Amino acid sequence: ISAALFIPRFFFLLLPIAFFLVFKHMMPKKLAMITAAICSFMFPYLRCALMAWSDIPFLFFSLISFFFVFKAIKAGSREQWIYCFWSGIFTGCALLLRNVGYALVFSIGSGLIIMALLKIVSIKKLIQNGLMYALGVLIFFAPYLVRNYIVFGAVNPFRLPPANVTVRENLADYSH
């Protein structure tokens, strides 16, 4: 049992760092540290860290993906594509853990488009950054899709959304 719990607990220990890396782009560093600690020790995360679920590693990889997107927004045009690539790498890792990672791909992809609409980047840079982000995602996710196609005859044989649990049932479960 302890071997199955090692990974969620390991990533739980890294959560404060991931939250801090994201929050420091939005608020002063001291406040970001406090907010990261508060967010890290919320009941749902504590509970998930005690079970062999993929929630905590998924959250970690998602936060790091957003961290690199925020770095891309603040970076000069030369470095943006590198940060978009790393964001894609971590998004690909998150997507391997949970199907809800498709929402992460959509939100970060939308963010890249919004960067172009707000003239943070040019259309040329949008295409370059988007391609680097997609390349990063595909480095981790494409082998999984190819494997699914070979084994199951479908790129994604799993039903979407991944669960049929209602919000009421989730709230009841978390309230125990």
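**Entry 1. Burial and overall build**

I looked up burial first: buried residues make up 37% of the 176 residues in the protein, where buried means under 20% relative accessible area, exposed over 50% and partly exposed in between, with a 1.4 Å probe and protein chains only. I note that this is a predicted model, in which local features need pLDDT of at least 70, side-chain atom pairs count only at pLDDT 80 or more, and totals for chains, interfaces and linings use all residues. Residues are numbered from 1 along each chain as its sequence is written, and side-chain values use heavy atoms, with hydrogens and water left out.

I found eight helices and zero strands; helices (H or I, at least four residues) and strands (E, at least two) are DSSP runs, numbered from the N terminus. Along the principal axes, the C-alpha atoms fill a box of roughly 50 × 50 × 30 Å. I then turned to contacts, meaning heavy atoms within 4.5 Å. Of those with a separation of 6 or more, 70% are between residues 24 or more positions apart.

**Entry 2. The nonpolar core**

I took a nonpolar core as a set of buried Ala, Val, Leu, Ile, Met, Phe, Trp, Tyr and Cys residues joined through side-chain atoms within 4.5 Å. The largest one holds 42 residues, and Leu15 and Phe19 touch the most other members. The elements giving two or more residues to this core are α1, α2, α3, α4, α5, α6 and α7. Helix α4 supplies the largest share, eleven residues.

I followed Phe19 further. Phe19 is buried, at a relative accessible area of 6%. Neighbours within four places in sequence aside, I find Phe19 in contact with Ala36, Cys39, Ser40, Tyr45, Leu59 and Leu63.

**Entry 3. Aromatic pairs**

A pair of aromatic rings is described by the distance of the centres and the angle of the planes. I counted rings of Phe, Tyr and Trp (its six-membered ring) as paired if their centres lie within 6.5 Å, with planes under 30 degrees apart called stacked, over 60 edge-to-face and the rest tilted. The count by this rule is 17 aromatic pairs. One of them, Phe19 with Tyr45, is tilted, at 6.0 Å centre to centre and 40° between the planes. This pair links distant parts of the chain, since Phe19 lies in helix α1 (residues 2-23) and Tyr45 in helix α3 (residues 43-49), 26 residues apart. Tyr45 counts as partly exposed, at 22% relative accessibility.

Phe68 and Tyr83 form a stacked pair, 6.2 Å centre to centre with 25° between the planes. Here too distant parts of the chain are linked: Phe68 is in helix α4 and Tyr83 in helix α5 (residues 77-97), 15 residues apart. Both rings belong to a cluster in which ring pairs link Phe6, Phe10, Phe11, Phe60, Phe61, Phe67, Phe68, Tyr83, Phe85, Trp86 and Phe90.

**Entry 4. Phe68**

I placed Phe68 in helix α4 (residues 55-74). Is Phe68 buried or exposed? Phe68 is buried, with a relative accessible area of 14%. Beyond neighbours within four places in sequence, Phe68 is in contact with Tyr83, Trp86, Ser87 and Phe90. Phe68 and Phe90 stand 22 residues apart in sequence and 9.0 Å apart in space, C-alpha to C-alpha.

**Entry 5. Helix α6**

Helix α6 (residues 101-117) has 17 residues and reaches 24 Å from its first C-alpha to its last. That is close to the 24 Å expected at 1.5 Å a residue, the expected span being 1.5 Å times one less than the number of residues. Which residues of α6 are buried? They are Gly101, Leu104, Ile108, Leu112, Met115 and Ala116. Seen down the axis, the buried residues of α6 fall within an arc of 120°, so they line one face of the helix; the arc is that of the directions from the helix axis to the C-beta atoms. An α-helix has 3.6 residues a turn, so residues three or four places apart point the same way.

On the other side of α6, I find Phe106 and Leu117 exposed. The cover over its buried residues includes α4, α5 and α7 (123-152). Lys119, which follows α6, has a positive phi, near 60°.

**Entry 6. His25**

I located His25 in the loop between α1 and α2 (29-40). His25 is buried, at a relative accessible area of 18%. With neighbours within four places in sequence left aside, His25 is in contact with Phe67, Phe70, Lys71 and Lys74.
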